[in-house]
Amino acid sequence: MSIRVAHVGTGNVGRLALAGLIESPKYELTGVCVSTPEKVGLDAGRLAGLDTVTGIAAVGDLDTLLATEPDCVVYCAMGDTRLRAAMADCRRLLAAGVNVVGSAPGMLQFPWQALPVDYITPVEDAAEKGNSSLFITGVDPGFANDLLPLALTGTCQSVERVRCMEIADYATYDGTTVMFEVMGFGKSLDEVPMLLQPGILGRAWGPAIRQLAAGLGIVVDDITESYERVPAPTAFDIAAGHIPAGGLAALRFEVRGMVAGEPVIVIEHVTRLREDLCPEWPQPAQGGGSYRVEIVGEPSYHVDIRPMSRKGDHNYAAILAAAGRIVNSIPAVVAAPPGIRTTLDLPLITGPGLVSVSA
């Protein structure tokens, strides 16, 4: 029997997740909710970038979506710039008895010690009221710094340090809000964008660090952060827009989980808008971008993950992976006990039914 699923948000991740829902026989799409007025009334297939006509027209409010009586909602609305609204949406869905799997709000991946209790308790209360579950995931933060390093540390006899890295050229990433408003690309280095305001890096990646710590059975004493920024030597254009000379064109940051004064768990991002920038910084394992997990221990590991796709580049492939993780997690989340679920307490998501063999 197929699971009835509704969908919220048709941005970069949401569009691909919606396509996955439409194309999977495991799910029955009941509705789509969008925030852009121009998208209201459009067919779900068109919003997903498919040739398929589903007969399901996008709506502009959660009440209408809930009236379709889904078992689960895939929630991919923007969370970075609207945390309170995204939290309120999730509470509303959970209290209505609807499970939630999605990409936002990111801090709900593992909110304990990362969010104030007065943020977490209402979500847990809503889930208890509706007998529903919530699972938020992605790539990074997401499976690149929880599922993969936890699997590798599970083979070790001892672990001293864990480092998770994203090394990527974002020139082809067209998320304008994230690129310009959140990360500050193209802006003067005199401006401090939202992501680099004091404490924000720790809030964004702290849940991933604390989840790794919980999986390793340690307690993080403190989370510290640092960053470097490099301006564009000349003006150039990227998918998201224009980068003027002197505007931010390369960003490197670290978020460190400190234990007894040592950085035991580190998440590092190296983000360029041109491959020739900052050649001395770490380089990806493939042209464009890759993810890396480094473990110092017995044994030690240096593992590169190279997202690729026949339909797009490394940025497209990474977003597709985030969408796949979301869609494939739905059955496990629907079957889970009520509450906030994490990679640590869900079963291994293996994607049964995805294998196809060409003649």
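**Around aspartate 89**

Setting aside residues up to four places away in sequence, aspartate 89 touches Leu62, Tyr75 and Arg82. Aspartate 89 sits in helix H4, and keep in mind that everything here comes from a predicted model. With a relative accessible area of 18%, aspartate 89 falls under the 20% cut-off, so it counts as buried.

**Helix H4 meets helix H5**

- The axes of H4 (residues 83-95) and H5 (residues 117-130) come within 7 Å, and they cross at roughly 20°.
- That angle is under 35 degrees, so H4 counts as roughly parallel to H5.
- As for handedness, H4 and H5 make a left-handed crossing.
- On the H4 side, the contact is made by Leu83, Arg84, Met87, Arg91, Leu94 and Ala95.
- On the H5 side, the partners are Tyr119, Pro122, Val123, Ala126, Ala127, Lys129 and Gly130.
- Sorted by class, the residues of this H4 and H5 contact come out as nine nonpolar, one polar and three charged.

**Helix H1 meets helix H9**

- H1 (residues 12-23) and H9 (residues 314-335) have axes that come within 8 Å and cross at roughly 50°.
- An angle like that is neither roughly parallel nor roughly perpendicular, so H1 and H9 are oblique to each other.
- H1 goes past H9 in a right-handed crossing.
- From H1, the residues involved are Asn12, Val13, Leu16, Ala17, Gly20 and Leu21.
- They meet Tyr316, Ile319, Leu320, Ala323, Ile326, Val327 and Ile330 in H9.
- What classes of residue make up the contact of H1 with H9? There are 11 nonpolar and two polar residues, with no charged ones.

**The nonpolar cores**

- In soluble globular proteins, nonpolar side chains tend to be buried together.
- Here, the largest nonpolar core has 81 residues, and Met179, Ile243 and Ile330 are the ones with the most contacts inside it.
- H9 is the top contributor to this core, giving seven residues.
- There is also a second, separate core of 29 residues, which includes Ala77, Met87, Leu94 and Val123.
- Leaving out residues up to four places away in sequence, isoleucine 243 has a list of contacts that includes Phe180, Phe185, Phe236, Leu248 and Leu273.
- Also among the residues isoleucine 243 touches are Gly186, Ala232, Thr234, Ala235, Ile238 and Ala249.

**Two buried loop residues**

- Threonine 137 is in the loop between strand E5 (133-136) and helix H6 (147-153).
- Is threonine 137 buried or exposed? Its relative accessibility is 2%, so threonine 137 counts as buried.
- Beyond its neighbours within four places in sequence, threonine 137 is in contact with Gly102, Ser103, Gln109, Gly142, Phe143, Arg325 and Ile326.
- Proline 307 is in the loop between strand E13 (301-305) and H9.
- Proline 307 is buried too, and its relative accessible area is 13%.
- Not counting residues up to four places away in sequence, proline 307 touches Gln286, Gly289, Ser290, Tyr291, His314, Ala317 and Ala318.
- From C-alpha to C-alpha, proline 307 and arginine 256 are 25 Å apart in space, and they are 51 residues apart in sequence.

- Most residues other than glycine have a negative phi, and most peptide bonds are trans.
- Which peptide bond has an omega of about -5°? It is the cis bond joining alanine 104 and proline 105.
- Proline 105 lies in the loop between strand E4 (99-102) and H5.
- Going from aspartate 140 to proline 141, the peptide bond is also cis, with omega near 5°.
- You'll find proline 141 in the loop between E5 and H6.
- Glutamine 113 is not a glycine, yet its phi is positive at about 70°.
- Glutamine 113 belongs to the loop between E4 and H5, and at 59% relative accessibility it counts as exposed.
- Cysteine 278 also has a positive phi, of about 50°, though it is not a glycine.
- The loop holding cysteine 278 runs between strand E11 (262-272) and strand E12 (289-298).
- With a relative accessible area of 8%, cysteine 278 is buried.

Notes:
Residues are numbered from 1 along each chain as its sequence is written. This is a predicted model: local features need pLDDT of at least 70, side-chain atom pairs count only at pLDDT 80 or more; totals for chains, interfaces and linings use all residues. Side-chain values use heavy atoms; hydrogens and water are left out. Axes are lines fitted to C-alpha atoms, for helices over the stretch in contact, and angles run from 0 to 180 degrees between N-to-C directions. Helices (H or I, at least four residues) and strands (E, at least two) are DSSP runs, numbered from the N terminus. Angles under 35 degrees count as roughly parallel, over 145 as roughly antiparallel, 65 to 115 as roughly perpendicular and the rest as oblique. A crossing is left-handed if the near helix is turned anticlockwise from the far one by less than a right angle, and right-handed if clockwise. Contact means heavy atoms within 4.5 Å. Ala, Val, Leu, Ile, Met, Phe, Trp, Tyr, Cys and Pro count as nonpolar, Asp, Glu, Lys and Arg as charged, and the others, Gly among them, as polar. A nonpolar core is a set of buried Ala, Val, Leu, Ile, Met, Phe, Trp, Tyr and Cys residues joined through side-chain atoms within 4.5 Å. Buried means under 20% relative accessible area, exposed over 50%, partly exposed in between (1.4 Å probe, protein chains only).
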